[in-house]
Amino acid sequence: MLYAQVHLTLPAWVQERVDTARDYPGDADKVALAIELSRVNVEAQSGGPFGAAVFGPDDRIIAVGVNRVLPHACSVAHAETMAYMLAQQRLQTPRLNEYGGPITLATSSQPCCMCYGATVWAGIDRLLIGARAEDVEALTPFDEGPLPEDWVGALQQRGIEVVRDIRREAARAVLRSYGETDGGKY
Ligand SMILES: [Zn+2]
């Protein structure tokens, strides 16, 4: 028998820990949520130290994501891909900004090579990033994979604005804590 479906979930705690009633007006507010998701994911032992959130034009949450690679034995279950897939299911479109924008993704750490590719196709207008790839690789066992040399310029050419180093120290603190105590466990 062939497996014919994949079932991916966020941990149950997101329903209690994420306030979907409020808006997140600034870039720093949006990335702060992504970092908080990364922190709680480690604390709850529900995945690796990465969080992300997709926001609509009204600065409200469309979907969130956390790393679920080890719990689901699934290498594509990164925070950004989870957030994209859940936002796409909620809006019922593979291009999130198809019906108007801007759509923003905030992520606790720079997208890896896979999430970079997913970002090209997801239909977002803005990409907000906390920690840099070199932070991830210095503080945790994770590899970010190969990216085009001018990956920021390549996204901008496709109409995606990239803003880096937002709350970078807070994002680094979660990575550091994970790397020192839990590296590779979940
Ligand atoms: Zn990734």
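This report describes the fold, the metal site and selected residues of a predicted protein model.

## Basis of the model

The model is predicted: local features need pLDDT of at least 70, side-chain atom pairs count only at pLDDT 80 or more, and totals for chains, interfaces and linings use all residues. Residues are numbered from 1 along each chain as its sequence is written, and side-chain values use heavy atoms, with hydrogens and water left out.

## Overall fold

The protein contains eight helices and five strands. Both kinds of element are DSSP runs numbered from the N terminus, helices being H or I with at least four residues and strands being E with at least two. Read from the N terminus, the order is α-α-β-β-α-α-β-α-β-α-α-β-α. The radius of gyration is 15 Å, close to the 16 Å that the globule rule gives for 186 residues, so the protein is as compact as a globular protein of that length. That radius is taken over C-alpha atoms, and the globule rule is 2.2 Å times the number of residues to the power 0.38. The C-alpha trace spans about 45 × 40 × 35 Å along its principal axes.

Of the 186 residues, 49% are buried. Here buried means under 20% relative accessible area, exposed means over 50%, and partly exposed lies in between (1.4 Å probe, protein chains only). Among contacts between residues at least 6 apart in sequence, 68% join residues at least 24 apart; a contact means heavy atoms within 4.5 Å.

## Surface and charge

The accessible surface comes to about 9200 Å², and carbon and sulfur atoms account for 50% of this area. Accessible areas come from the Shrake-Rupley method with a 1.4 Å probe, and for residues only the protein chains shown count as cover.

There are 17 positive and 24 negative charges, and their mean positions are 2 Å apart. Lys and Arg count as positive and Asp and Glu as negative, while His and the chain ends are not counted. Each charge is placed at NZ of Lys, CZ of Arg, CG of Asp or CD of Glu.

## Zinc site

His78 (ND1), Cys112 (SG) and Cys115 (SG) coordinate the zinc ion at 2.0 to 2.3 Å. Along the chain the donors follow the spacing H-x33-C-x2-C. Cys112 and Cys115 are both buried. Donors are N, O and S atoms within 2.8 Å of the metal (3.2 Å for Na, K and Ca); water is not among the atoms, so sites may look incomplete.

## Buried positions

Ser109 belongs to strand β3 (residues 104–109) and is buried, at 3% relative accessibility. Beyond its neighbours within four places in sequence, Ser109 is in contact with Phe50, Glu80, Ile129, Ala131, Val136 and Leu175.

Gly48 sits in the loop between α2 (27–43) and β1 (51–55). Its relative accessibility is 0%, so Gly48 counts as buried. From C-alpha to C-alpha, Gly48 and Gln157 are 31 Å apart in space, and they are 109 residues apart in sequence.

## Backbone features

The loop between α4 (79–91) and β3 holds Pro102. The peptide bond from Gly101 to Pro102 is cis, with omega near -10°. Gln92 is also found in the loop between α4 and β3. Gln92 is a residue other than glycine with a positive phi, near 55°, and is exposed at 60% relative accessibility.

Arg167 likewise has a positive phi, near 50°, in a residue other than glycine. Arg167 lies in the loop between β5 (161–163) and α8 (168–181). With a relative accessible area of 42%, Arg167 is partly exposed.
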